[in-house]
Amino acid sequence: MPSNRKIEPISSGPAPLAEKTAPSPILIEIHNVVKVYSSAAGDFTALKGINAQVGTGEFLGIIGKSGAGKSTLLNMITGVDHLTSGEVIAHVGGKTVSVHAMSENNLALWRGLNFGIVYQSFQLLPMLTLVDNILFPMDLCGLYRRRASRERAMELLRLVELEEHARKLPNFISGGQQQRVAIARALANDPPVIVADEPTGSLDSATADTIFQVFEHLVENGKTIIMVTHDNSLAPRFSRRLYLADGEMAAT
Ligand code: ADP
């Protein structure tokens with residue numbers, strides 16, 4: 001269960017992350033994962049037997065050109081989509097599970113508790129205020145009582161420095177601000193892992209930098225972050241990188 005621990009505000013900016021060569025202790029094991037998409041046009045193998053690991057506390061970058069299979073790999077890790085063969089084993093939330101062996105219901109609950117997901121297009125609900133967007137996943141999981149959840153939502157907005165905008169609708173703030181709200185929403189149920197699919201893809205470089213600062217701060221405070229990007233210039237900002245090309249692991 002999430003604790004009532006304080007969320008540290010972003011202060012003087014994060015220190016650079018140390019380079020790591022091996023993920024340890026292991027949080028997620030990806031064993032020989034193959035994903036074939038079938039359509040009327042035929043079969044397409046998007047992942048051709050991926051073996052990889054994610055270490056606890058890493059800021060892991062999954063890097064590759066558009067179409068390389070990055071989002072597909074992320075979906076295999078979170079169990080958002082079925083794999084064709086292989087296995088993903090996760091040691092999160094004090095339990096070891098074979099992700100794709102779980103029932104749909106258990107998988108959905110497990111994902112909701114253990115993963116916060118951030119998308120390129122923010123995907124905030126336009127009719128809800130910012131604070132209500134953060135309350136939404138908390139209401140779904142029911143981990144917090146109503147009053148505690150509202151306090152936590154405000155605390156998360158403070159973390160991303162948007163507390164004063166709490167009652168605005170998403171369309172009344174900038175794209176970078178919306179992405180910060182989306183990160184706050186991803187943190188709502190205090191998951192150990194954040195996965196982010198091109199979270200800076202539609203932001204200018206200065207705004208993207210503020211998103212990185214939020215992520216770096218979260219990693220310093222114990223979160224594991226897996227981020228997908230096509231932009232190799234971002235590579236130095238991760239604590240470790242996995243390169244994908246044409247559905248396979250690549251050297252760079
Ligand atoms: P990336 O995230 O690296 O841009 P994706 O994982 O989205 O790549 O896609 C990898 C490949 O799989 C691409 O060629 C894409 O067109 C294909 N693909 C993705 N989703 C589907 C799908 N639902 N049906 C068929 N092909 C798909």
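The crossing of helix H3 and helix H5 is right-handed, a term used when the near helix is turned clockwise from the far one by less than a right angle, the anticlockwise case being left-handed. H3 covers residues 130-141 and H5 residues 175-186, and their axes lie 8 Å apart at an angle of about 30°, so H3 is roughly parallel to H5 (angles under 35 degrees count as roughly parallel, over 145 as roughly antiparallel, 65 to 115 as roughly perpendicular and the rest as oblique). The axes are lines fitted to C-alpha atoms over the stretch in contact, with angles running from 0 to 180 degrees between N-to-C directions.

This is a predicted model, in which local features need pLDDT of at least 70 and side-chain atom pairs count only at pLDDT 80 or more, while totals for chains, interfaces and linings use all residues. Residues are numbered from 1 along each chain as its sequence is written, and side-chain values use heavy atoms, with hydrogens and water left out.

On the H3 side, Leu-130, Asn-133, Ile-134 and Pro-137 meet Val-181, Ala-184 and Arg-185 of H5, where contact means heavy atoms within 4.5 Å. By class, this contact has five nonpolar, one polar and one charged residues.

H3 also packs with helix H4 (residues 146-159), the two axes coming within 9 Å and crossing at roughly 130°, and H3 and H4 are therefore oblique to each other. This crossing, too, is right-handed. H3 contributes Leu-130, Val-131, Asp-132, Ile-134, Leu-135, Met-138 and Asp-139 to the contact, and H4 contributes residues including Arg-146, Ser-149, Arg-150, Ala-153 and Leu-157. The residues of the contact of H3 with H4 divide into nine nonpolar, one polar and five charged.

The aromatic rings give another view of the structure, which holds five aromatic pairs (ring centres within 6.5 Å; planes under 30 degrees apart count as stacked, over 60 as edge-to-face and the rest as tilted). In one of them, the centres of the Phe-59 and Phe-238 rings are 5.1 Å apart and the planes stand at 80°, so the pair is edge-to-face. Because Phe-59 lies in strand S3 (residues 59-63) and Phe-238 in the loop between strand S8 (224-229) and strand S9 (240-245), the pair ties together parts that are 179 residues apart in sequence. Phe-59 counts as buried at 0% relative accessibility, and Phe-238 counts as buried at 1% (under 20% is buried, over 50% exposed, and in between partly exposed, with a 1.4 Å probe and protein chains only). Ring pairs link Phe-59 and Phe-238 with Phe-212 and Phe-215 into a cluster.

Conventions: Helices (H or I, at least four residues) and strands (E, at least two) are DSSP runs, numbered from the N terminus. Ala, Val, Leu, Ile, Met, Phe, Trp, Tyr, Cys and Pro count as nonpolar, Asp, Glu, Lys and Arg as charged, and the others, Gly among them, as polar. Rings of Phe, Tyr and Trp (its six-membered ring) pair if their centres lie within 6.5 Å; planes under 30 degrees apart count as stacked, over 60 as edge-to-face and the rest as tilted.
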